[in-house]
Amino acid sequence: RDELTLGFELDIYELGQQLYPRNPRVLDGLVSAYSAAGRHEDSLRSVARLIELEPDNQDALYNLATAFTYDGQGEKSLPYFARLDSLGTPFAEVPMNHASALLAAGRLEEAARQAAKALKLERGPARRRPRSRTIRS
């Protein structure tokens, strides 16, 4: 996205948020636009609000969990990974990143279980991958 397009997109989604503050599509668009603009904290706030509205939104849960993991805040990511695990998420990226966060937290046995789950899923049939947003500082 060029700067003009991104600025226009941000303006539209921010207006949408004012008009429809509880609309999941608007919040999802804000997550993407804020991420593209490098507005890390705004993106995190938007994805957290999206999860409040849609607690089973696997893409939002995954994006927030991985954002915390990449930021070195693995402990904060663990409840979101646990929620994804409870939903039976079928893609290998979730348990692999969960294992990474658990490893960083010193929870080795749990990390090993998640890594084994990731390997098992990777060998299974192809499934839709999570829509990942790059939410990094």
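Biologist: Which residues of α4 are buried?

Modeller: This is a predicted model. In it, the buried residues of α4 are Asp59, Ala60, Leu61, Tyr62, Asn63, Leu64, Ala65, Thr66, Ala67, Phe68 and Thr69.

Biologist: What makes α4 mostly covered?

Modeller: A residue is called buried when its relative accessible area is under 20%. In α4, 11 of its 13 residues are buried, so the helix is mostly covered. The cover over these residues includes α3 (40-53), α5 and α6 (93-104).

Biologist: Why are α4 and α5 called roughly antiparallel?

Modeller: Helix α4 (residues 58-70) and helix α5 (residues 74-86) pack at an angle of about 155°. Angles over 145 degrees count as roughly antiparallel, and therefore α4 and α5 are roughly antiparallel to each other. Their axes are 7 Å apart, and their crossing is left-handed.

Biologist: Which residues make the contact?

Modeller: From α4, they are Gln58, Leu61, Tyr62, Leu64, Ala65, Thr66, Phe68 and Thr69. From α5, they are Gly74, Lys76, Ser77, Tyr80, Phe81, Arg83 and Leu84. By class, the contact has 8 nonpolar, 5 polar and 2 charged residues.

Biologist: How do you know that the span of α4 is close to the expected one?

Modeller: The expected span is 1.5 Å times one less than the number of residues. With 13 residues, α4 has an expected span of 18 Å, and from its first C-alpha to its last it reaches 18 Å.

Terms used: Residues are numbered from 1 along each chain as its sequence is written. This is a predicted model: local features need pLDDT of at least 70, side-chain atom pairs count only at pLDDT 80 or more; totals for chains, interfaces and linings use all residues. Side-chain values use heavy atoms; hydrogens and water are left out. Axes are lines fitted to C-alpha atoms, for helices over the stretch in contact, and angles run from 0 to 180 degrees between N-to-C directions. Helices (H or I, at least four residues) and strands (E, at least two) are DSSP runs, numbered from the N terminus. Angles under 35 degrees count as roughly parallel, over 145 as roughly antiparallel, 65 to 115 as roughly perpendicular and the rest as oblique. A crossing is left-handed if the near helix is turned anticlockwise from the far one by less than a right angle, and right-handed if clockwise. Contact means heavy atoms within 4.5 Å. Ala, Val, Leu, Ile, Met, Phe, Trp, Tyr, Cys and Pro count as nonpolar, Asp, Glu, Lys and Arg as charged, and the others, Gly among them, as polar. Buried means under 20% relative accessible area, exposed over 50%, partly exposed in between (1.4 Å probe, protein chains only).
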